[in-house]
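Please take a moment to look over the model shown below before reading on.

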2 protein chains.
Amino acid sequence: MNIQDTIRAIPDFPKPGILFRDISTMLLRPDAFAQAIDGMHEHFKDKGIDAVAGIESRGFIFAAPLALKMNIPFILIRKPGKLPAETVSAEYSLEYGTDSIQMHKDAVTPDMKVLLVDDLLATGGTMEAACRLVTTQNAAVAGIAFLIELDALNGREKLKDQDIFTLIHY
Amino acid sequence: MNIQDTIRAIPDFPKPGILFRDISTMLLRPDAFAQAIDGMHEHFKDKGIDAVAGIESRGFIFAAPLALKMNIPFILIRKPGKLPAETVSAEYSLEYGTDSIQMHKDAVTPDMKVLLVDDLLATGGTMEAACRLVTTQNAAVAGIAFLIELDALNGREKLKDQDIFTLIHY
């Protein structure tokens, strides 16, 4: 079974000219979903990872099972105003304006090696901000996992010097 | 290990007078997180469940590992405008106004027995809407799992006749 075959392409979503890669059809196939988690686990299992951080909300879908499989803490990276305790924030650029993501300050401890997880690498802005959340708390980004990478958008450029693992390239 | 001891109470979030139950500290404890998933699995494993549906975004944290553990499809229930293919919607009341959730029409098949999952049962409005998403597609709600139930808010009333399993009551 090829995971890529379970992902559906939807033209003109969320706006004209965009071909949206729909992972929801993959998630309906437990064999494909398990294969994705197993692939990420296989790549990072011997790399001394201390915690897995997932980016809201589709990153949670992969980060939560991966953290459980690795038997290590699962850290939430969320949209602003969602986390109730003291947070650290990082901004990133959108096509028009900026947005930001947050993490609880006490979610990481100094020198912790964190694996960051999201479903899709496009321009890399969100993930680059997530890296800053971790490093400003004196923890380290030990790796980054994506289900999908859109190669033409060069998001990897923004994340240089990182161990990036992607299951599917378009 | 008592899962409840790993959940942090934050006063006055998101507004004065609310005592917020913060699950992020529980997710940092892989033993507690695994125990939560195992508890839901134990309750529903022999009940003929065909698919697990999680409600964005904290529901994803529990629904994704549970679907993998049960080796059945994982269905996304999302906020409006996020799902790219043809959707069905259900509205629910907020303190002021209404909000809605959506599911892909082709995510469920007729007569499918669906287990709905979210992190918290408060007034039950969102979960009651999720039940309607499933039943309007001629599938059945075979059960509902929550990590936490706030008993004083009587959310269970809105979900009567359902097999509701909750790990922690406040």
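## Cavities

A cavity is a set of grid points where a 1.4 Å probe fits but cannot get out, and its lining residues are those that have an atom within 4 Å of a point. The structure discussed here is a predicted model, and it holds four cavities of 30 Å³ or more. The largest cavity has a volume of about 60 Å³.

Residues from two chains take part in lining the largest cavity: Arg8(A), Ser24(A) and Leu28(A) are joined there by Phe74(B), Ile75(B), Leu76(B), Leu83(B), His104(B), Asp106(B) and Ala107(B). When these lining residues are sorted by class, six are nonpolar, two are polar and two are charged. Strand S4 of chain B contributes the most to this lining, with three residues.

In chain B, strand S4, which spans residues 74–78, pairs with S6(B) in the antiparallel sense over two bridges, and Ile77(B) stands opposite Met103(B) of S6(B). Strand S6(B) itself covers residues 98–104 and is mostly covered, with five of its seven residues buried.

Strand S5(B), residues 87–93, also runs antiparallel to S6(B), and seven bridges join the two. S5(B) and S6(B) form a hairpin with four residues between them, and in the turn Gly97(B) has a positive phi of about 90 degrees.

## The sheet of chain A

In chain A, seven strands form an open sheet with mixed pairing, arranged in the order S5-S6-S4-S3-S7-S8-S9. The edge strands are S5(A), residues 87–93, and S9(A), residues 164–169, each of which pairs on one side only. Direction ignored, neighbouring strands of this sheet are turned against each other by 20 degrees on average.

At one part of this sheet, strand S8(A), residues 140–149, runs parallel to S9(A) and is joined to S9(A) by five bridges, with Phe146(A) having Thr166(A) as its bridge partner in S9(A). Helix H2(A), residues 30–44, packs on the sheet, where it touches S7(A), residues 113–121, together with S8(A) and S9(A). The direction of helix H2(A) makes about 150 degrees with that of S8(A).

How values were computed. Residues numbered from 1 in each chain as written. Chains lettered and ligands numbered in written order. Predicted model: local features only at pLDDT ≥ 70, side-chain atom pairs only at ≥ 80, totals over all residues. Heavy atoms only, no water. Buried < 20%, exposed > 50% of the residue type's maximum accessible area, 1.4 Å probe, protein only. Pairing = 2+ DSSP bridges. 1 Å grid on protein atoms, 1.4 Å probe; cavity = no way out; pocket = protein on both sides within 12 Å on 5 of 7 lines; lining within 4 Å. Points joined across faces, edges and corners; volume = space filled by probe spheres on them. Nonpolar A, V, L, I, M, F, W, Y, C, P; charged D, E, K, R; others polar. Axes fitted to C-alpha atoms, helices over the stretch in contact; angles between N-to-C directions. Contact = heavy atoms within 4.5 Å.
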